[in-house]
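Subject: Handing over the structure, with notes

Dear colleague,

Please have the model open as you read.

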Amino acid sequence: MSRTQHLVYGAGSLAGLLVLWWLAASYRWVPYLTGPGEVLGVFRSEISELTDHTLATVVRALAGFGLGAFFGIAIPLAMGWKPYLRAALGPLVHLARPVPLVTLIPLFLLWFGIGELGEILLVAVGSFFILVVVTLEAIENVPSIYLWAGAALGASRGHVYWRIIFPAVVPSIIGGLRVAITFAFPLTVAAEMMGAQRGQGYYLWQMVMHLQLARMVAIVLLLTGLVVASDALVRAMDRYVTAWSERRR
Amino acid sequence: MRREAATADVLTRRLISLSVVAAVLVAWYLVTVAGVVRPLYLPGPHTIAQLLADERQTMVTGVGWTVLRMLVGFTVGTLAGIGVACAASWSRMVAAIVEPLIQVLKPVPPLALTAFAILWFGTGLTGIVAISAWACFIILVIETREAIRNVSPIYLWAGAALGASQGVVYRRIILPAVLPGIIGALRVAVVMAFNLTLLVEFRAGAGGVGYLLIRGYTFLRTNVLFAAIICTIATTLLIDFLLARALHRLVQWRT
């Protein structure tokens with residue numbers, strides 16, 4: 001199959017999806033469906049409201065992500081440095097890690113009410129555990145030959161840690177950051193759906209209650225945009241920071 | 001000498017680990033008994049244990065419902081995902097049609113799609129499992145495609161040289177070779193399905209753990225909330241353990 005054929009089929013399937021959506025919406029094949037035209041209309045008429053709620057979500061997601069990522073990287077690094085710290089914190093981390101994040105939503109609503117704090121902390125916990133797991137594993141997987149080479153060349157323990165282990169785990173940490181940030185936005189929205197007074201999730205659930213399908217689709221498209229954009233941002237950072245690594249991308 | 005020192009070291013670390021966990025439990029108990037925190041916000045471990053014992057029936061049924069729903073979504077989505085990935089590697093035309101669709105739909109967050117589930121599929125089983133199935137489908141399509149691409153061509157050449165038909169190559173060479181590559185995806189998919197099932201249950205899941213959680217919150221029965229969270233943690237650990245064991249058996253032949 002030639003390259004042009006490949007492109008034609010690809011374009012055809014995407015166009016087919018749009019046409020199918022349009023047909024299903026205009027001929028009411030499915031109850032509660034809205035067409036691409038209506039969604040565009042919403043973007044035109046409600047743009048200020050949509051951006052307002054999106055901004056609220058972005059602030060919460062980034063605050064939670066920053067908080068969680070900081071501790072999620074710092075604590076495993078400290079655990080790798082001090083074996084006793086690792087012995088103390090390891091079991092706690094492994095006991096708490098398997099909690100499905102969604103179950104924390106009602107708990108945090110109870111503890112922190114429906115303000116910003118609960119959502120930010122939920123995202124922080126989510127990002128924290130993603131990064132803790134990734135960073136701990138990366139520290140363990142640093143090839144021993146690097147450490148032997150460092151020791152053979154007379155590097156001190158601190159030197160080995162900061163000049164060999166730390167750079168070696170950076171690519172994995174960035175991988176974890178990618179997972180965490182693309183999860184931060186949907187998690188914020190999930191929390192907002194259960195209790196908030198602003199944000200994409202709040203808006204989405206309001207529109208569910210009022211059966212405003214076009215507005216629901218519009219806000220989910222904006223959320224998808226956030227996910228794609230943040231992922232692209234971290235990937236760009238990755239290319240810049242880990243240009244030295246041999247890993248294929 | 002050195003070995004003795006090393007065992008002593010391991011022992012000390014074990015002791016530290018155990019005592020930290022014990023200390024957290026004791027501190028939790030003391031803080032609640034002393035009345036530093038109101039039980040509305042943090043019930044003591046003993047009251048949660050009491051509740052787990054008293055309402056064993058409700059908790060077990062709740063977990064059962066949620067796990068059942070999660071497994072339906074997971075199974076349907078996973079099988080569909082693996083199937084489509086195989087079809088796409090079988091025929092280039094299928095690949096050319098499916099791939100752009102997957103790329104476009106992949107970043108749409110399933111957590112947000114749960115808002116559509118009930119409108120489109122109702123509050124029955126379909127509505128509860130639809131989004132989990134979708135999420136598992138997307139994860140598995142992408143990872144299986146990747147795993148199939150990574151199957152060493154030597155296996156395929158060997159199969160072809162020995163006269164295997166394409167069907168036999170798929171069943172006997174590609175599928176077994178792909179399994180180790182999608183273990184990670186399967187574990188991610190299970191967690192995702194669990195989260196999604198719970199989120200839908202918050203709104204429409206009579207009987208499941210998600211329903212128990214939200215009821216605990218609305219009626220301010222915090223010990224129910226905590227008991228349900230503990231049940232979900234135990235369930236996640238159990239499922240992950242069983243999945244890891246089952247998959248380990250499936251890929252034993254590798255080494």
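How much area is buried between chain A and chain B, and what share of that area do carbon and sulfur atoms give? Please keep in mind that this is a predicted model, so that every value below was computed from predicted atoms. The area buried between the two chains is about 4,500 Å², and carbon and sulfur atoms give 81% of that area.

The interface

Val102(A), Leu110(A) and Met194(A) together supply 14% of the area that chain A buries against chain B, which is more than any other three residues supply. In terms of contacts, 50 residues of chain A meet 47 residues of chain B. The rule finds seven residue pairs in polar contact across this interface, counting pairs with both residues at pLDDT 80 or more, whereas the count of salt bridges between chain A and chain B is zero. On the side of chain A that touches chain B, at least two residues each come from α1 (3-26), α4 (83-96), α5 (104-112), α8, α9 (200-209) and α10 (213-241) of chain A, and α10(A) gives the most, with eight residues. Sorted by class, that side of chain A has 44 nonpolar, five polar and one charged residues.

The nonpolar cores

The largest nonpolar core has 119 residues, and within it Ile105(A), Leu204(A) and Met216(A) touch the most other members. Helix α8 (residues 157-194) of chain A contributes the largest share of this core, with 19 residues. If neighbours within four places in sequence are left aside, Ile105(A) is in contact with Leu122(A), Ala190(A), Ala191(A) and Met194(A), and also with Leu199(B) and Phe202(B) of the other chain. A second, separate core has six residues, among them Met79(A), Phe128(A), Phe129(A) and Val132(A).

An enclosed helix in chain B

Helix α5 (residues 110-121) of chain B is largely enclosed by the rest of the structure, because nine of its twelve residues are buried. The buried residues of α5(B) include Pro110(B), Leu111(B), Thr114(B), Phe116(B) and Leu119(B). They pack against helices of both chains, namely α8, α9 and α10 of chain A together with α6 (125-149) and α8 (166-204) of chain B. Just after this helix, Gly122(B) takes a positive phi of about 80°.

Salt bridges

Arg178(A) forms a salt bridge with Asp231(A), where the closest N and O atoms are 2.7 Å apart. Arg178(A) lies in helix α8 and Asp231(A) in helix α10 of chain A, so the pair ties together parts that are 53 residues apart in sequence. Arg178(A) counts as partly exposed at 30% relative accessibility, while Asp231(A) is buried, with a relative accessible area of 16%.

In chain B, the side chains of Asp240(B) and Arg187(B) meet in a salt bridge of 2.8 Å, N to O. Since Asp240(B) lies in helix α10 (residues 222-250) and Arg187(B) in helix α8 of chain B, this pair ties together parts that are 53 residues apart in sequence. Asp240(B) is partly exposed, with a relative accessible area of 27%, and Arg187(B) also counts as partly exposed, at 31%. Salt bridges that share partners join Arg60(A), Glu116(A), Glu119(A) and Glu192(A) into one network.

A residue in a loop

Finally, Glu46(A) has its place in the loop between α2 (36-45) and α3 (47-81) of chain A, and Glu46(A) is buried, with a relative accessible area of 15%. Not counting residues up to four places away in sequence, Glu46(A) touches Tyr203(A) and Arg215(A), and its side chain makes a polar contact of 2.9 Å with the side chain of Arg215(A).

With best wishes

Notes. Residues are numbered from 1 along each chain as its sequence is written. Chains are lettered from A and ligands numbered from 1 in the order in which they are written. This is a predicted model: local features need pLDDT of at least 70, side-chain atom pairs count only at pLDDT 80 or more; totals for chains, interfaces and linings use all residues. Side-chain values use heavy atoms; hydrogens and water are left out. Helices (H or I, at least four residues) and strands (E, at least two) are DSSP runs, numbered from the N terminus. Buried means under 20% relative accessible area, exposed over 50%, partly exposed in between (1.4 Å probe, protein chains only). A polar contact is a pair of N or O atoms within 3.5 Å; within protein, one must be able to donate a hydrogen and the other to accept it, and residues adjacent in sequence count only if both atoms are side-chain atoms. Contact means heavy atoms within 4.5 Å. A nonpolar core is a set of buried Ala, Val, Leu, Ile, Met, Phe, Trp, Tyr and Cys residues joined through side-chain atoms within 4.5 Å. Buried area is the accessible area (1.4 Å probe) that two parts lose on being put together, summed over both. A salt bridge is a side-chain nitrogen of Lys or Arg within 4 Å of a carboxyl oxygen of Asp or Glu. Ala, Val, Leu, Ile, Met, Phe, Trp, Tyr, Cys and Pro count as nonpolar, Asp, Glu, Lys and Arg as charged, and the others, Gly among them, as polar.
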